[in-house]
Amino acid sequence: MQINVQILGWEAKGLRCPDHQVSFTDRASKVFPISLLQMPNGTGKTTTLELLRAALSGAAEDNWDGDKIRSLKKRGNRSGRGMFRVILSYNSQRLTITLNFDFEDGSLKYATTLPSGMRAGFHPPRELKKFLRPEFVRFFVFDGELAEQLLSREHTDAQTVIEDLFQLKTFSSIASHVGAYWERQTDGRGATEDRGLSRRRNRVASLRSRIKLLKREQLKVQKQFEKVSSDLREKEDSFRTALAQQGEIREKLRQAENDFMAAKAAVRESAQSLLARMRSPQNISAVFAKQMLALKENLDRVKLPESTAREFFEELAEEEACICGRELDEATRRMIRERASRYLGSNDVALLNAIKGDVGDFVGPNPEEHETALIEEVNELVDNCRIEQEARTARDEIQNEGIANDPALEKVRGEIEELQDLIISLRGEIERFDDPTETAGDEDTYGIRVLERRLKDAENKLAEVTHTLTLKQKRDVLIRLLEVAQQKAREGISSEISKDANLRIAELMPNNAIRIDRVDRSLRLHDQEGGSVGETLSVAYAFLATLFNRTEHKLPFIVDSPANPIDLRVRAKVAELIPRLTGQFIAFTISSERQGFLTPLEREAKNRIQYITLFRKGATDLDATALESGQAEETTDGLCVFGRPFFTQFHLDSEGQSAV
Amino acid sequence: MPFRLRKATREWFKNISGEFSLDFDMYYLCLIAGLATGRKEDAPASETTDLVTDFPGAYREKGRLITALFLSQELKGLGIKMSERQALHSTIRGLVDPLSSSHLSEAGLRELNRYSFGGFDVLTEWFGERPQAMETFLPLLKKNIDRALEEESANIG
C-alpha cells in the first residue's frame with residue numbers, strides 16, 4: 001500500500017516567529033500541490049523550519065537543552081509558555097504532533113494525537129516511523145546546505161538517505177546476528193587441553209571491544225563534525241545577514257563577495273587547466289620532451305624497428321630455398337630461426353612505429369615550446385591566486401568596517417573562527433580512524449580496518465583451538481554474502497534512482513550535460529566534481545524528488561528559498577520543474593525571489609498555487625493594506641495574509657526595511 | 001596486469017582528490033615524480049590496489065608518450081647506450097607488449113608501477129605534509145620536478 005503523507009497545516013504561539021496558523025488545504029479540504037509562504041528575513045523563517053523539523057522528527061525532547069528552548073521564546077512573552085503544532089494526513093488519517101514549551105523550566109513536551117486519541121510523547125504510527133526520524137526529516141524539510149552536502153565527499157547524506165529509505169541496514173543486522181551465534185558457540189567450548197585457549201579468547205574479546213569502542217567514537221566525532229559544520233554555516237549566514245542589514249555597506253559587501261567568488265572560480269579553473277596540461281609529459285619539462293625525442297631519433301639512427309619483421313625470417317626458414325636462390329639445409333634453417341628472434345614481430349614493429357609517430361606528432365621539432373606554454377599557465381595560476389587573496393582581503397576589510405559599526409558582530413566572528421578551528425581538529429580526529437599504521441599495539445592502534453584485519457586473524461586462531469573452524473568458515477561465507485547482497489542492493493537502487501533523477505535533470509536543464517554518475521557516499525557527478533549553485537540545487541531536487549515520489553510512498557517537500565541562490569535563467573527552469581517534483585511542495589520565500597520564478601511556476605502549475613504572506617505587525621501602512629485585503633488573519637504580533645494580490649504586491653525582503 | 005596504486009597514495013592526496021577526475025591522476029603524478037628522480041620502489045600487494053589495465057580517459061591518447069618516457073628512463077637507468085643496438089632491441093622487446101592495452105609487457109608494467117611507488121615516496125619527501133589545495137600543489141610540484149631534473153643532469157654531467 002502506498003503511504004501518502006501530506007502536511008495539512010501548522011500553528012505557532014508564544015515563539016520567536018509571529019504567532020500564526022496556516023492551513024494548506026482549500027475549501028474542499030484538498031491539499032494545495034504548491035504553497036508559497038512568503039516571510040521576510042528576520043520574521044522567524046529559520047525558527048519555523050527548525051520547529052517543523054523538531055515536530056516531525058521527535059528530536060527536540062532529548063537534544064534541546066534549557067538555553068536552546070529559552071532562545072525560542074518570543075520577546076515580551078509573559079505567559080512563559082509556547083506551542084508549535086503540525087497537522088499531517090497519511091492515507092486519509094490525521095496525525096497531530098504538538099510541542100508544548102515551558103520557558104520558565106526550560107523544558108518542552110511532545111504530544112501525539114491519532115484517531116485513537118492523544119498520547120503524551122512523540123508516538124507516530126508504525127508505518128510513518130521510518131520517515132519521521134531526525135536523520136530523515138532533514139531530507140524532506142530541505143535547505144540549500146543539504147543540497148551542498150549531497151554532493152560533498154565529506155558527507156554521506158546521499159547514501160544514508162537511500163539506506164534509510166530502503167532499509168538496507170537489515171542486511172547488516174542479520175550479519176550481526178550470525179556473528180553473535182558463532183560467538184556463542186565458541187564461548188561454550190571448553191577445550192582446556194589447549195593452554196592458549198583463554199589467551200586467544202581474550203585477544204578476540206579485547207579486539208572486538210576496541211573496534212566497537214572506536215566505531216562508537218568515530219560515529220560520535222562524525223556527528224559532532226556535522227553538527228559543528230552546520231553551526232558554522234548558520235553562524236556565517238547570520239553574520240552575513242547582520243552585515244547586509246547595514247544599508248551603507250550592503251552593496252559594497254555584495255560586490256566584494258561576488259568579486260571574491262569570481263576570483264575563487266578563476267583559480268579553480270586555471271588549476272584544472274594546468275592539471276590537464278600536465279597530463280602530457282612533454283609539457284611538464286623540456287627535459288622530458290627532449291628525452292622522448294632523443295629516443296625516437298636514436299631508434300631511427302639504429303634503424304629500430306627494422307623494416308623486416310621477425311615473421312619474415314620465420315617463414316623463410318620453412319622454405320626450400322632462400323630468396324637469393326640458394327638451397328636451405330637444416331643447419332641454415334636452424335640458424336635463421338635462431339636469429340629471427342633478434343627481430344621484432346610485426347605487432348612490435350607497429351607499436352614502436354606508433355610510439356615514434358606520437359613522439360613526432362606531440363613533441364614535434366621544438367621540444368622546449370611545450371614547457372614554455374605550461375610555465376605561462378603556472379604564472380597565470382599564481383596570478384589568479386594573488387587576485388583571490390586580494391579579493392579576500394578587500395571583502396574582509398568591508399566586513400571589518402561592518403564590525404566596527406556593530407561591535408556585537410566581533411563576537412560572532414570570534415565564534416566563527418572558533419568553529420573553524422574546531423572543524424580542523426575534528427577532521428584530524430576523523431582521519432585517525434583510517435590510519436593504516438600497522439606497527440602499534442592494539443590499544444594504540446586507531447585504524448579500524450587494521451584492527452578488523454587483526455580480529456580476523458585472531459578469530460581464525462581461536463576457531464582452530466575450539467574446533468569451530470568449519471562453523472566460522474560458514475559464518476564468514478554467510479556474512480560475505482550478506483555484505484555482497486547489501487552492496488548489490490545499494491548499487492542497484494542507487495543506479496535506478498540515479499537513472500530516474502537524470503531524466504529529471506535532463507528535463508530541468510536540457511542544455512546542460514551535468515548528470516549523476518553514481519551514489520558513492522555522496523552524489524558523484526559524471527566527469528566532474530561539482531556544479532554551480534543552480535546546478536547543485538537542481539541535482540539535489542531531482543535526486544530527492546525521485547526518492548520521495550515513488551510508488552511505495554509520497555512525501556511532502558518543504559524547501560527554504562527555492563529560487564534565492566540561483567540566477568534568473570535557471571530560476572524559470574526550476575520553477576517549471578517544481579509542479580512535477582512531488583504531490584505537495586511548500587516553499588518559504590522572500591519577495592525578491594518572485595522575479596523570474598513566479599510566472600513560470602504559475603504557468604506550469606496551472607494556477608493550483610496557494611499564496612500566503614506572513615510578517616510581523618508594526619508597519620502601520622502595511623498592516624492597514626493587509627487588513628483591507630479582507631483575507632488577513634491577525635494575531636498578537638503577526639499578520640498572515642492569504643491570496644495572490646497581496647502576495648505579489650509585497651516588497652519586503654527583511655524586517656527593518658521599508659515596505660514599498 | 002593492472003596499473004597499481006599504493007594505498008597510502010589515496011590517503012595522502014585526500015584533501016585534493018576531489019579535484020581529480022580520475023584516480024589515475026594520482027598514479028600519474030607519482031609516476032612523473034618517480035621518472036624525474038629515477039626512483040623505483042617495491043610495494044607488497046597488500047599495500048597496493050588495482051587501478052585499471054589500460055590508460056584511462058584523458059591519458060588514452062597520451063599512453064604511448066608515457067611509454068616513450070618510461071622506455072627512455074629505463075634505458076638510461078640500465079646504462080644502455082642508444083648505439084648498442086642489440087641491447088636496446090632486447091630491452092625494448094622485454095618491456096613492451098603490443099597486444100596489451102597498456103602497451104607494456106607484464107615486466108614493463110611491473111617496472112612502471114615501481115616508478116609510481118617510488119614517486120610517491122619522492123612526493124612525501126618533497127612536500128612533507130599532505131597537499132591542501134590543487135592551486136598550491138601543482139606549481140610546487142613543477143618546481144620540485146625541475147630541481148630534480150637539474151640535479152639529475154648535473155650528476156650525469
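Colleague: Okay, which residue is the bridge partner of A:S35 in β14(A)?

Modeller: Keep in mind that we're looking at a predicted model. Strand β3 (residues 34-38) of chain A runs parallel to β14(A), and five bridges join the two. In that pairing, the β14(A) partner of A:S35 is A:Q610.

Colleague: And which residue of β16(A) does A:F615 stand opposite?

Modeller: Here we look at another pairing of β14(A). Strand β16 (residues 638-642) of chain A is antiparallel to β14(A), with five bridges between them. Opposite A:F615 stands A:L639.

Colleague: How many of the eight residues of strand β14 are buried?

Modeller: A residue needs 20 or more other C-beta atoms within 10 Å to be called buried. Strand β14 (residues 609-616) of chain A is largely enclosed by the rest of the structure, because the buried ones among its eight residues number seven.

Colleague: What about A:T648: is it buried, exposed or partly exposed?

Modeller: You'll find A:T648 in helix α23 (residues 644-649) of chain A. Exposed would take 12 or fewer neighbours, and buried 20 or more. A:T648 has 14 C-beta neighbours inside 10 Å, so it's partly exposed.

Colleague: Now the two chains. Which element gives the most to the side of chain A that touches chain B?

Modeller: The contact involves 41 residues of chain A and 37 residues of chain B. On the chain A side, the elements giving two or more residues include α9 (247-278), α14 (346-363) and α15 (369-405). With nine residues, the one that gives the most is α14(A).

Methods:
Residues numbered from 1 in each chain as written. Chains lettered and ligands numbered in written order. Predicted model: local features only at pLDDT ≥ 70, side-chain atom pairs only at ≥ 80, totals over all residues. Contact = placed C-beta atoms within 7 Å. Helix = DSSP H or I, 4+ residues; strand = E, 2+ residues; numbered from the N terminus. Pairing = 2+ DSSP bridges.
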